[in-house]
Structure formats: structure tokens, C-alpha cells
Amino acid sequence: MLILTASMGSGHDGVAAELAARLAAENAEARIIDVLLLFPLRLGTALRHGYRWMILRAPWLYELIYQVFFVGKRAPGTSPLTVLAAARLRRLVDGWRPDEVVSTFHLAAQITGRLRERGGLACPSTVLVTDFAVHRLWLHRGNDRYLCPNPDIIGYVAACTRRPALRCAPVVRPVFGRAVADPGRVARGVGVDPGDRLVLVSGGSWGAGEIVATARALVRSGRYTPLVLCGDNAELRRRLRAAGLGPALGWRDDVPELMAAAYALVDNGSGLTCEEAFAAGLPVVIHRPISGHGRDGARAMAAAGVSACTGDAAALLEALDLLDDAPTRKRRTDRASALFRSMPAEAGLVSSPKGRVLGLDERRAGQLDDPIGQAPDADRLQHDP
């Protein structure tokens with residue numbers, strides 16, 4: 001199995017690594033390739049650096065690009081960048097001859113779709129959608145099937161690609177569903193009062209978005225103590241510490257325990273960290289989401305009832321206060337936990353051992369008469385609050 005990821009943050013890499021671990025547990029060999037390394041002249045590195053700069057320094061520019069090229073009505077159906085990496089991927093596949101290629105990033109899905117459509121990829125190509133709201137660059141009719149953790153997008157994906165689209169559980173490490181922790185011990189470990197109500201705040205692995213303002217709103221409320229996950233953003237850590245806005249944490253290997261001890265997660269994306277919180281039974285509030293796919297994903301999660309989405313400090317505090325009501329809290333976490341009752345993603349792969357045991361061959365996968373909902377209007381799916 002060849003799994004294609006992209007080092008655009010850590011979410012796609014995290015999904016790819018967990019999927020590979022699950023396949024290895026089934027005695028299936030899996031290799032992970034960063035699709036950005038397939039581009040010539042270090043163009044992939046430039047794409048990553050450019051995207052990071054926009055997310056951190058010029059989110060308005062990323063929003064413009066997203067509106068024009070990702071969701072615009074006149075945007076090209078296929079990214080022109082695919083041509084630059086397709087030849088290298090074809091040589092890689094010809095040399096290793098995997099049973100299947102799995103894409104966890106939209107640009108990888110474009111490349112595999114192009115190759116498969118033109119006869120340059122002999123093995124099946126599966127796309128594991130890692131965004132909660134799908135945009136057109138995920139969708140290429142050359143791919144064989146799509147796996148979607150958000151059941152609300154399945155009809156749309158199937159209608160756009162004319163390919164099987166199957167519902168699967170989010171790909172999250174099992175430890176998030178098993179971790180337990182004493183909130184008091186965790187509080188003492190990060191240097192705050194054991195009686196404080198801890199709220200995890202995350203801006204992804206790059207510490208993007210309005211994190212300082214979010215932490216300040218929590219501190220000023222007097223009701224919540226932020227534990228800010230800054231990722232590799234040293235500047236953000238310095239700013240938070242200088243402002244006295246709660247513990248500012250770098251990379252941590254105990255995030256499952258932090259989630260087990262926290263009252264809620266406040267995130268500004270809609271990716272893997274949110275899904276890890278869903279697995280942990282931790283309520284999620286997405287506050288002032290980042291531009292583009294982050295905002296559309298946040299709206300999709302709120303529409304599905306698995307999280308709240310807020311735009312100002314008053315709404316954030318209100319959303320957190322509502323979670324103090326046990327029935328409200330349980331409804332939210334139950335909706336999020338229900339996502340994991342779908343089949344595991346590895347069972348939906350064409351060539352995986354578990355998929356063969358469950359009988360998910362091409363003929364079965366092509367039957368789309370399961371209760372997966374109606375195909376929504378594309379504009380409504382991506383832009384409705």
C-alpha cells in the first residue's frame with residue numbers, strides 16, 4: 001500500500017501514519033510518501049512555506065486563493081500543478097508496484113486521478129478525505145473510490161465524481177479514546193491551580209489564528225484557564241507568556257491525557273485535533289476559524305451538531321458555559337462519538353485484508369443505496385453557516 005500525504009501542518013501526516021499503523025497490524029506493508037517531495041526544483045517546499053506564511057501572516061491572501069481556485073464556479077477542475085508531479089509518482093509506482101494508492105491530501109488526489117484516468121496508474125486509487133467540508137480539488141473522476149468521515153458530504157462527492165463514496169470513521173489514534181487523567185494532577189503539572197477549569201486551545205501545529213485574543217477572553221472571564229497548544233510556533237509562546245495568558249505549551253506527547261482532563265477544546269480549524277477530541281469525548285468549540293477550508297469545515301461540523309462555531313468572545317464564553325449543562329454536553333459528545341461507529345477507513349480500501357474480509361470489493365462498493373443522505377447543493381455545503 002502506498003499512502004500519499006502532505007506536510008501542510010501535521011493533520012494529513014497524522015492520518016497517514018495512523019492508517020499505516022493499522023495496515024501494519026494486519027500484516028500489510030504500507031509506505032508513506034510526502035507528495036510535496038514529488039515536485040521538481042523544490043517547488044513542494046516552496047508551496048509549504050508559502051502556505052504557512054499566508055496562514056500566519058496573510059490569511060486574506062489564502063482566502064482569496066481559496067475562493068478563486070478551490071470553490072470558485074470558474075475554477076479549473078484539475079490543478080495545473082498535477083502535471084509537475086505526475087511523472088515522478090508514476091515512476092515510483094512502477095518501481096514498487098503497490099496494490100493500491102491512498103491519498104490523504106487533495107493535491108495527491110488530483111495527481112492520482114489524472115494518472116488513473118490516463119492509464120498511468122495500474123492499481124486502484126482511493127481518496128481518504130481528511131477535510132470535514134470537501135472542495136472541488138478533492139474530487140477527480142479518475143480515482144476509484146472516496147472514503148469520507150463526514151456522512152453529510154457523501155452524496156455530493158458521489159454525484160461530482162460518479163465514483164463510490166463510502167462513510168468511514170475518522171482516522172484517530174486509539175489512545176485518544178482510552179486515555180484517563182486526573183484534572184488536578186494535570187493542572188499541577190502545567191503550573192496552574194488544581195481547581196481551575198482547563199480549556200485546551202489549539203491553533204494547529206503552526207499555532208495559527210487569533211490565539212492570543214482567544215486566550216485573553218478565557219482568562220478575563222475568570223471562569224476558564226487556557227492551556228494553549230502552540231505547536232512549533234515559538235513566537236506565539238513568547239507572546240502568551242509575556243501577556244501572562246496561561247500555560248503556553250509546545251509540542252506535547254501527552255495530548256490524550258490533556259484532553260481527558262480538560263473541560264473543552266477551543267480550536268480554530270476543523271481537522272485532526274477536533275477529531276481527536278471527538279474520540280476523547282471532549283466537547284469542541286471552533287472559535288474564529290482560519291480562512292478557507294478551516295472556516296468551511298467549522299461550519300460543516302457545526303451543521304452536523306458535533307461542535308459549536310463562534311465568532312466573538314461573548315459567543316465563545318456562552319458556548320462554553322452551555323457545556324456545564326450535563327444533557328447539553330452529552331448530546332454534543334454523543335453526536336461526535338457517533339462518527340466512530342462507521343466502518344474503519346482501512347476496511348474501505350480496495351486491497352486491505354480487512355476490506356476483503358468484509359467483502360468490500362469494487363462491485364459492492366459501487367452500490368450507493370445505503371442511507372447516506374441526499375447530495376446537497378455544492379454552494380450550500382461549502383458556504384452556509
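**Figure 1. Val127 in strand 4 of the predicted model.** Val127 has its place in strand 4, which covers residues 125–128. As this is a predicted model, please read every value in these legends as computed from its atoms. With a relative accessible area of 0%, Val127 is buried. For a sense of scale, pick out His49 as well: the C-alpha atoms of Val127 and His49 are 25 Å apart in space, while along the sequence the two residues are 78 positions apart.

Figure 2. The volume of the second largest pocket comes to about 430 Å³. Its lining is made up of 20 residues, and those nearest the centre are Ile55, Leu56, Ala208, Gly209 and Glu210. Helix 2 gives the most, with four residues. Sorted by class, the lining has 10 nonpolar, six charged and four polar residues.

Figure 3. Arg42 lies in the loop between strand 2 (31–34) and helix 2. Most residues other than glycine have a negative phi, which is the background for this view. The phi of Arg42 is near 60°, a positive value in a residue that is not glycine. Is Arg42 buried or exposed? At 63% relative accessibility, Arg42 counts as exposed.

**Figure 4. Arg288, another arginine with a positive phi.** Arg288 is found in the loop between strand 11 (284–287) and helix 13 (293–304). Its phi is near 45°, again a positive value in a residue other than glycine. The relative accessible area of Arg288 is 36%, so Arg288 is partly exposed.

**Figure 5. The salt bridge between Arg197 and Asp324.** The structure holds 13 salt bridges, and one of them joins Arg197 to Asp324, with 3.1 Å between the closest N and O atoms. This pair links distant parts of the chain, its two residues being 127 residues apart. Arg197 sits in the loop between helix 8 (183–189) and strand 7 (198–202), whereas Asp324 sits in the loop between helix 14 (313–322) and helix 15 (326–338). Arg197 has 32% relative accessibility and counts as partly exposed.

**Figure 6. The salt bridge between Arg223 and Asp321.** Here the side chains of Arg223 and Asp321 meet in a salt bridge, at 3.0 Å from N to O. The pair links distant parts of the chain, 98 residues apart: Arg223 is in the loop between helix 9 and strand 8 (225–229), and Asp321 is in helix 14. Arg223 is partly exposed at a relative accessible area of 41%, and Asp321 is partly exposed at 31%.

**Figure 7. The salt bridge between Asp334 and Lys330 in helix 15.** Asp334 and Lys330 bring their side chains together in a salt bridge, with an N to O distance of 2.6 Å. How are Asp334 and Lys330 separated in helix 15? They are four residues apart in that helix, so about one helical turn separates them. Asp334 is partly exposed, with 35% relative accessible area, whereas Lys330 is exposed, with 51%.

Figure 8. A disulfide is a covalent bond between the sulfur atoms of two cysteines. The count of disulfides in this model is zero. Cys168 has 0% relative accessibility and counts as buried. For Cys309, the closest cysteine sulfur is in Cys274, at 10 Å, again too far for a bond. Cys309 is partly exposed, with a relative accessible area of 35%.

Definitions and conventions. Residues are numbered from 1 along each chain as its sequence is written. This is a predicted model: local features need pLDDT of at least 70, side-chain atom pairs count only at pLDDT 80 or more; totals for chains, interfaces and linings use all residues. Side-chain values use heavy atoms; hydrogens and water are left out. On a 1 Å grid over the protein atoms alone, a cavity is a set of points where a 1.4 Å probe fits but cannot get out, and a pocket is an open set with protein on both sides within 12 Å along at least five of seven lines; lining residues have an atom within 4 Å of a point. Grid points are joined across faces, edges and corners, and a volume is the space filled by probe spheres set on the points. Ala, Val, Leu, Ile, Met, Phe, Trp, Tyr, Cys and Pro count as nonpolar, Asp, Glu, Lys and Arg as charged, and the others, Gly among them, as polar. A disulfide is a pair of cysteine sulfur atoms within 2.5 Å. Buried means under 20% relative accessible area, exposed over 50%, partly exposed in between (1.4 Å probe, protein chains only). A salt bridge is a side-chain nitrogen of Lys or Arg within 4 Å of a carboxyl oxygen of Asp or Glu.
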